[in-house]
Structures are given as structure tokens and as C-alpha cells.
Amino acid sequence: MRINKFLSHNTTYSRREADELIKQGLVKINQKTAQLSDEVKDEDKIFLKNKRIYKKTQFSVIIYHKQKGELVSRKDDRGRKTIYENLPKNFSTWLSVGRLDYTSEGLLLLTDSPVIADALMHSDLEREYYLKIKGQISKQVIEAMQNGLEIQNSTKGAHAKTKINAMKFAPFLDFEIFGWSGGYTKLRVVINEGQNRELRRFFGYFDLEVMDLKRVAFGVLELGMLKAGKYRFLERGEYEKLRDFLKINGIRY
């Protein structure tokens, strides 16, 4: 593992901040001053400002009920509210597992371990959502949900400054259409990807605007009755299931 990655995984510093500490000569591997290109082996002893840094063997995860009108970001140059302004200060360095956009709400996972954040973010665990769509779901949309979709222009439903155009959407794992009334359709969908604004782009391709989007589950972790703007730590049984997932996938933490 590269030295800056080791530091970011086992301290509160980001990789960029770790790079600066290394450049300043404040990091040692055993008794040698570390260089940016150095790799860390299991038997190595790492020191930062003469204090030994031990590899983390434990991690923590919280479920946060993100509210509409919050950014999953540490700061915003437009002054919009972020999730970290609502969370206690001791979570200021925790990492979110993916994102929910500004107008979306629901279950958001945060962890103090970059390894866990990366593993969950790039997993194929199920994500369950409730949606309110402006318009009616046609047979063509249903077929795309069943069979998947590949498009060259997926900018509808995306952020105005997106650089992502072509996207491939896997078949939905499950979906349920509750009904159509007043010009809107409500439905539940289950997918196992976490691409950028995936559902908004998918339905946007069919000129259907997602008015409401709420994530209610991520793998075995459920939002349940957790109120908007509140958080909770995982329960013991949830941690056990998460560790089983990590073990099955060969992820060391």
C-alpha cells in the first residue's frame, strides 16, 4: 500500500494532506524518512510527527437520514447547507458511501474507514428507492427496466455541468408501480449500481422527470423509522452482516 493511502486509511488526514506531511519530512517508515513513492509492508512501523500510527482494525458506520436541500459535501461555494453542518462535529472527517443529490433524501451511510467506504460504494449490494415521476410509465420504460439500457446521451436528469454522457444501465433487480394519478406515477425500484444520478438519467432519457427520490435501503441496512436529519450507529447484528460481506469479498480492513 502506498504511504499516503496508509495514512489516509488510518488517520483523519486525506491523501492530499498526507502528501504534504510526507513532503515536509514528518513521516517515517521504520527509521527512514518517507518519500511519496514509498510502499508500506505489513511488518513496517509508520511514524507521523514521531508518533506511531497503527493500522485500524475496527471501524464505525452510521445511517443518516439525509434531508432534501442538503449537499453531501463538506462545503459549498454557493453557501448551500451540507450534511456535515447538521451532523455533530465528530463526524466532520467521516466519508459518505456515495452520494444522494441535493433534492434527494433518505438513507446515506457514513464511515470513519476509507476502506469500508470504498468497498460499499463499489459493491453490487441492492439499493432500494421510492420515486415520484412526472408522467406515465410506458411499455418502453418497463422493458428498459427489465432488460437494461445503453444510451449515448444521458444528460437529461444529470447535473448541468456533468461530463458524463454515455451510460449503460443494468436491468433493475425489482420494481413495483403503485399507480398513476394527477400526472404523476409512484413506484419502488431496486438496483445494484450507484452511478452518477443514475435513476434521474434513466427516466430522463424517456422525458420523465423524477420529482421525489428517497433511498430506503442499502443491502441489509434499512432506513426504517429514522427521522429526517437524524442518524444512528449500526446495531451489532448489522455490523456482523457487514463483516460477513467484507470477508466473502476478501476485503481487509
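Predicted model: local features only at pLDDT ≥ 70, side-chain atom pairs only at ≥ 80, totals over all residues.
Local features need pLDDT of at least 70, side-chain atom pairs count only at pLDDT 80 or more, and totals for chains, interfaces and linings use all residues. Residues are numbered from 1 along each chain as its sequence is written, and side-chain values use heavy atoms, leaving out hydrogens and water.

**Helix packing**
- Helix 4 spans residues 114-121 and helix 7 spans residues 236-248 (helices: DSSP runs of H or I, at least four residues).
- They pack at about 75°, with axes 12 Å apart (axes: lines fitted to C-alpha atoms over the stretch in contact; angles run from 0 to 180 degrees between N-to-C directions).
- That makes helix 4 roughly perpendicular to helix 7 (65 to 115 degrees).

**Burial of helix 4**
- The buried residues are Pro 114, Val 115, Ile 116, Ala 117, Ala 119 and Leu 120.

**Strand 12 and its partners**
- Strand 12 (residues 184-191; strands are DSSP runs of E, at least two residues) is mostly covered, with 6 of its 8 residues buried.
- Strand 8 (residues 127-134) pairs with strand 12 in the antiparallel sense over 8 bridges (pairing needs at least two DSSP bridges).
- Tyr 130 stands opposite Arg 188 in strand 12.
- Strand 11 (residues 174-181) pairs with strand 12 in the antiparallel sense over 7 bridges.
- Strand 11 and strand 12 form a hairpin with 2 residues between them.
- In the turn, Gly 182 has a positive phi of about 60°.

Definitions and conventions
Parallel < 35°, antiparallel > 145°, perpendicular 65-115°, else oblique. Buried < 20%, exposed > 50% of the residue type's maximum accessible area, 1.4 Å probe, protein only.
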